[in-house]
Amino acid sequence: MIGAVFFDVGGTILDESREFAGWADWLGVPRHTFSAVFGSVIARGLDYQETFRTFRPDFDLAVETERRVAAGQPESFGEQDLYPDARACLTALQAQGLLVGLAGNQPAHAEPILRALDLPVDVIGTSHGWGAQKPSAAFFDRVIREAGRDPSTILYVGDRPDNDARPAMDAGMQACLIRRGPWAHILDLPAVAERCLFRIDALDELPSLVAEHNAAGLV
């Protein structure tokens with residue numbers, strides 16, 4: 001039975017389209033060109049930062065992030081960037097008595113923004129705050145510690161088979177792949193997808209699937 005559900009952030013509860021557009025504008029390249037290169041980088045299995053280096057070989061994400069802040073154009077997100085089904089899904093899972101958390105690869109500035117959104121979650125963790133980044137085992141070990149229960153009773157929900165589903169299952173957790181965002185549509189890892197407990201196209205599918213799964217476990 002599932003007792004805790006943890007969610008990836010970008011591409012899962014947060015639509016990163018506006019963030020990607022902001023980086024394209026900052027680099028001074030057309031947004032559709034940036035998107036095309038981004039997709040190519042994902043398809044080749046490279047680190048997403050290679051997208052930026054295509055246009056600026058000496059690109060340093062930390063340095064450029066600071067420059068954007070200094071220029072009054074910080075990388076940010078807000079309520080308008082949440083997927084429309086995110087808040088309702090989190091609420092419905094909490095109503096089932098489950099522990100609900102967010103745990104994603106996010107920079108330092110993201111955690112206070114996530115907390116300010118006042119989402120219906122019990123735990124918020126970021127790679128910066130935890131000092132561990134997906135897909136490392138240390139990151140998923142931290143998820144297990146935060147959940148405070150057997151890993152087999154934890155469901156991790158994410159859009160990436162490589163960074164989310166596979167390492168979560170390797171850590172002994174259950175996994176749910178959501179098919180949205182660039183990684184979910186470009187990366188095709190059938191062997192990973194077949195091992196997942198659930199595969200969904202929208203978060204509003206998840207609460208009933210979890211409820212049915214847990215009800216079956218009571219029989």
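Which residues of helix 1 (residues 17–27) are buried? In this predicted model, where local features need pLDDT of at least 70 and side-chain atom pairs count only at pLDDT 80 or more, totals for chains, interfaces and linings use all residues. Residues are numbered from 1 along each chain as its sequence is written, and side-chain values use heavy atoms, with hydrogens and water left out.

The buried residues of helix 1 are Glu19, Phe20, Ala21, Gly22, Trp23, Ala24 and Leu27. Here buried means under 20% relative accessible area, exposed means over 50%, and partly exposed lies in between (1.4 Å probe, protein chains only). Helices (H or I, at least four residues) and strands (E, at least two) are DSSP runs, numbered from the N terminus. The buried residues of helix 1 pack against helix 2 (31–43), helix 3 (50–55), helix 4 (61–70) and helix 10 (182–186), contact being heavy atoms within 4.5 Å. Just after helix 1, Gly28 has a positive phi of about 75°.

The protein chain is split into domain 1 (4–15 + 79–217) and domain 2 (16–71), with bounds that come from an automatic or database domain assignment. The C-alpha centres of domain 1 and domain 2 are 25 Å apart. To the contact, domain 1 gives 10 residues and domain 2 gives 10 residues. Between them, domain 1 and domain 2 bury about 900 Å², of which 60% is on carbon and sulfur atoms. Buried area is the accessible area (1.4 Å probe) that two parts lose on being put together, summed over both. Asp15, Trp183 and Ile186 account for 51% of the area that domain 1 buries against domain 2, more than any other three residues.

Across the interface of domain 1 and domain 2 there is 1 salt bridge, defined as a side-chain nitrogen of Lys or Arg within 4 Å of a carboxyl oxygen of Asp or Glu. A salt bridge also joins the side chains of Asp81 and Arg18 (2.6 Å, N to O).

Thr126 belongs to strand 3 (residues 123–126) and is buried, with a relative accessible area of 1%. Leaving aside neighbours within four places in sequence, Thr126 is in contact with Gly104, Gln106, Glu111 and Leu114. A polar atom of the Thr126 side chain lies 3.0 Å from the backbone nitrogen of Gly129.

Conventions: Polar contact = N/O pair within 3.5 Å; in protein donor to acceptor, adjacent residues only side chain to side chain.
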